Amino acid sequence: QVQLVESGGGLAQTGGSLRLSCVASRSIFTINNMGWYRQAPGKQRELVAAISVSGSTSYADPMKGRFTISRDAVRNTLYLQMNSLKPEDTAVYFCKARLISTSGWLDYWGQGTQVTVSS
């Protein structure tokens with residue numbers, strides 16, 4: 001199992017920046033895949049960015065060039081640096097961890113952190 005606690009959300013202006021953090025209860029090198037997702041009101045949850053245990057990253061197209069996912073193994077923390085924020089980035093942002101075993105996989109979610117971008 002893994003517990004995830006996000007922080008860093010808040011209010012930003014268009015063009016501004018925020019950095020989200022997600023602290024995991026176990027070494028992030030024991031987690032197969034971690035990622036950030038977001039959910040805006042009335043919309044489905046969508047992938048923002050992901051990072052594998054090897055360090056390879058991927059981004060949803062609207063976030064490429066603006067958002068950066070990274071991690072700190074000493075602090076067991078996943079980050080999402082968000083620059084050039086737009087009002088459409090307003091959403092609750094969730095951290096996810098996927099653990100894979102011989103019997104399958106399990107996803108664990110944090111409680112979410114609200115990001116609001118004003119125009």
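**Cysteines**

I started at Cys95, which counts as buried at 0% relative accessibility. For the record, buried means under 20% relative accessible area, exposed means over 50%, and partly exposed is in between, with a 1.4 Å probe and protein chains only. The model is a predicted one: local features need pLDDT of at least 70, side-chain atom pairs count only at pLDDT 80 or more, and totals for chains, interfaces and linings use all residues. I also noted that residues are numbered from 1 along each chain as its sequence is written, and that side-chain values use heavy atoms, with hydrogens and water left out.

Next I asked myself: which residue does a disulfide join to Cys95? It is Cys22, with an S to S distance of 2.1 Å. The cut-off for a disulfide is a pair of cysteine sulfur atoms within 2.5 Å. As a reminder to myself, a disulfide is a covalent bond between the sulfur atoms of two cysteines. The link of Cys22 and Cys95 is left-handed, with -75° about the S-S bond. Cys22 lies in strand E3 (residues 18–24) and Cys95 in strand E9, so the pair ties together parts that are 73 residues apart in sequence. Strands here are DSSP runs (E, at least two residues), and helices are too (H or I, at least four), numbered from the N terminus. Cys22 is buried as well, with a relative accessible area of 0%. I searched the whole structure and found 1 disulfide.

**Aromatic rings**

I moved on to the rings. A pair of aromatic rings is described by the distance of the centres and the angle of the planes. The rule I used takes rings of Phe, Tyr and Trp (its six-membered ring) as paired if their centres lie within 6.5 Å; planes under 30 degrees apart count as stacked, over 60 as edge-to-face and the rest as tilted. That gave me 2 aromatic pairs.

One of them is Tyr37 with Trp109, edge-to-face at 5.1 Å centre to centre and 70° between the planes. Tyr37 is in strand E4 (residues 33–39) and Trp109 in strand E10 (residues 104–109), so to speak distant parts of the chain, 72 residues apart. I checked how covered they are: Tyr37 counts as buried at 17% relative accessibility, whereas Trp109 is partly exposed at 35% relative accessible area.

Then I looked at Phe94 and Trp109, whose ring centres are 6.4 Å apart with planes at 85°, so this pair is edge-to-face. Phe94 lies in strand E9 (residues 91–101) and Trp109 in strand E10, so parts 15 residues apart in sequence are tied together. Phe94 is buried, with a relative accessible area of 10%. I wrote down that Tyr37, Phe94 and Trp109 form one aromatic cluster.

**What sits around the rings**

What sits over the ring of Phe94? I found the charged end of Arg45 there, 3.7 Å from the ring centre. The test is that NZ of Lys or CZ of Arg is within 6 Å of the ring centre and within 35 degrees of the ring normal. Likewise, the charged end of Arg98 sits over the ring of Trp105, 3.9 Å from its centre.

I also followed Lys96, found in strand E9. At 5% relative accessibility, Lys96 counts as buried. Its side chain makes a polar contact with the side chain of Tyr37 at 3.1 Å. I count a polar contact as a pair of N or O atoms within 3.5 Å; within protein, one must be able to donate a hydrogen and the other to accept it, and residues adjacent in sequence count only if both atoms are side-chain atoms.

I traced an open sheet of 4 strands in the order E1-E3-E8-E7, with antiparallel pairing. Its edge strands are E1 (4–7) and E7 (67–72), each pairing on one side only. Two strands pair if DSSP finds at least two bridges between them. How many bridges join E7 to strand E8 (residues 77–82)? I got 6, and the two strands run antiparallel. Phe67 has Met82 in E8 as its bridge partner.

Last, the loops. Asn76 is in the loop between E7 and E8, and its phi is near 50°, a positive value in a residue other than glycine. Asn76 is buried, at 18% relative accessible area. Ser84 is in the loop between E8 and E9 and has a phi near 50°. Ser84 is partly exposed, at 41%.
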